[in-house]
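Please read them alongside the coordinates.

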Amino acid sequence: MSKATEEASARLDDAARAGWLYYIAGNTQEEIAVKLGISRQGAQRLVSLSVSAGLVKVRIDHPIAACLELGRQLVERFGLRSAEVVPSDPESPSTTLGIAEACAARIERTLLRPEPLVIGVGTGRTLRAAVENLPRMRCPQHRLVSLTGNIAPDGSAAIYNVIFSLADKIDAAHYPMPLPVVASSPEERALLHQQKVVQASLELAREADIAFIGIGEVGPQAQLLMDRFISETERDELVATGGIGEVVGWVYDADGRILDCAFNKRVVSPPFPLGSGTEVIGVAMGASKRDSILAALKGHLVGGLITDERTAAALLEAPASGKGA
């Protein structure tokens, strides 16, 4: 180990100790400085580092009345089983801030259930951020199953496939989908689905008790395009066909109906919607995703939603039918 690496590791050790003293033991920064033999400014920097380096996870347990009311209205209007709304930061450009932490808390509550569950897992930036916020747990009673392929068009592993990192954190059996996200043809997809190892994962996905998925848009910032699963030409064709949103690879229209189109005939993910007994939790936020989230709610593609205040308010202000403004 190099000297620089040793120094960085030692600093993280000090930051973890300072974070524990401040957030858990309730010490002031002055007290931490005395205990660690450093200046008050040094203690302040270590406490800040403990948060920025992800050594400390902060959760607010007090429910905010405005968020609770928005969640209640979403449940009532769209017939959801649950809706969790987190505060918005007007100055933040993040598309995961707050909802990733809320998703992590929901996943953690699910994992703490003693009865064996089959948990479906989608992909995406928000889910990856949520998994990063999870504590390490041991949950051998549960099984995880991927709801999408994990191979990008160039043959590399898909960047935002999270089943491996989640399984590593909770020590649970996991069943990845050892396939490309999108096959080159419907015939190739059919051939891939005939493989026994794939059939096992597909069957398990149909039996999922709960699933956590992202909700993507189909437009200039389409995640399928940004992650190079489709070309700009294919994106334009999807828009022309009426595509407005995407869940685990499947593209749907403004009413939340999975499109009968050439692209969807190549999607390798398990058929969507999942089984009637699966509770599907969608996690998404942002103005650019309002129409795709709205369509998913209208089409009952998700039965639960985790979003932020601004997005929730925009969904409730949208027209009762048809594409929003």
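1. Is tyrosine 23 buried, partly exposed or exposed? The model is a predicted one, and in it tyrosine 23 has 38% relative accessibility, so this residue counts as partly exposed. Tyrosine 22, at 32%, also counts as partly exposed.

2. A search of the whole structure returns 1 aromatic pair. It is formed by tyrosine 22 and tyrosine 23: the ring centres are 5.0 Å apart and the planes lie at 85 degrees, which makes the pair edge-to-face because the angle is over 60 degrees.

3. Helices H2 (residues 29–36) and H3 (residues 40–52) pack with their axes 8 Å apart, at an angle of about 105 degrees. The two helices are therefore roughly perpendicular. H2 contributes Gln29, Glu30, Ile32, Ala33 and Leu36 to the contact, and H3 contributes Arg40, Ala43, Gln44, Leu46 and Val47. By class, the residues of this contact are 6 nonpolar, 2 polar and 2 charged.

4. The largest nonpolar core has 51 residues, of which Ile215, Phe263 and Phe272 touch the most other members. Elements giving two or more residues to this core include helix H4 (65–78), strand S3 (143–151), helix H9 (196–206) and helix H13 (309–317). Helix H12 supplies the largest share, 5 residues.

5. Leaving aside residues up to four places away in sequence, isoleucine 215 touches Val247, Tyr252, Val283, Ile293 and Leu305, among others. Glu246 and Lys289 are also among the residues that isoleucine 215 touches.

6. Another core, of 29 residues, lies apart from the largest one. Among its members are Cys103, Leu111, Val121 and Leu166.

Notes:
Residues numbered from 1 in each chain as written. Predicted model: local features only at pLDDT ≥ 70, side-chain atom pairs only at ≥ 80, totals over all residues. Heavy atoms only, no water. Axes fitted to C-alpha atoms, helices over the stretch in contact; angles between N-to-C directions. Helix = DSSP H or I, 4+ residues; strand = E, 2+ residues; numbered from the N terminus. Parallel < 35°, antiparallel > 145°, perpendicular 65-115°, else oblique. Contact = heavy atoms within 4.5 Å. Nonpolar A, V, L, I, M, F, W, Y, C, P; charged D, E, K, R; others polar. Core = buried A, V, L, I, M, F, W, Y, C linked by side-chain atoms within 4.5 Å. Buried < 20%, exposed > 50% of the residue type's maximum accessible area, 1.4 Å probe, protein only. Phe/Tyr/Trp six-rings, centres within 6.5 Å; stacked < 30°, edge-to-face > 60°.
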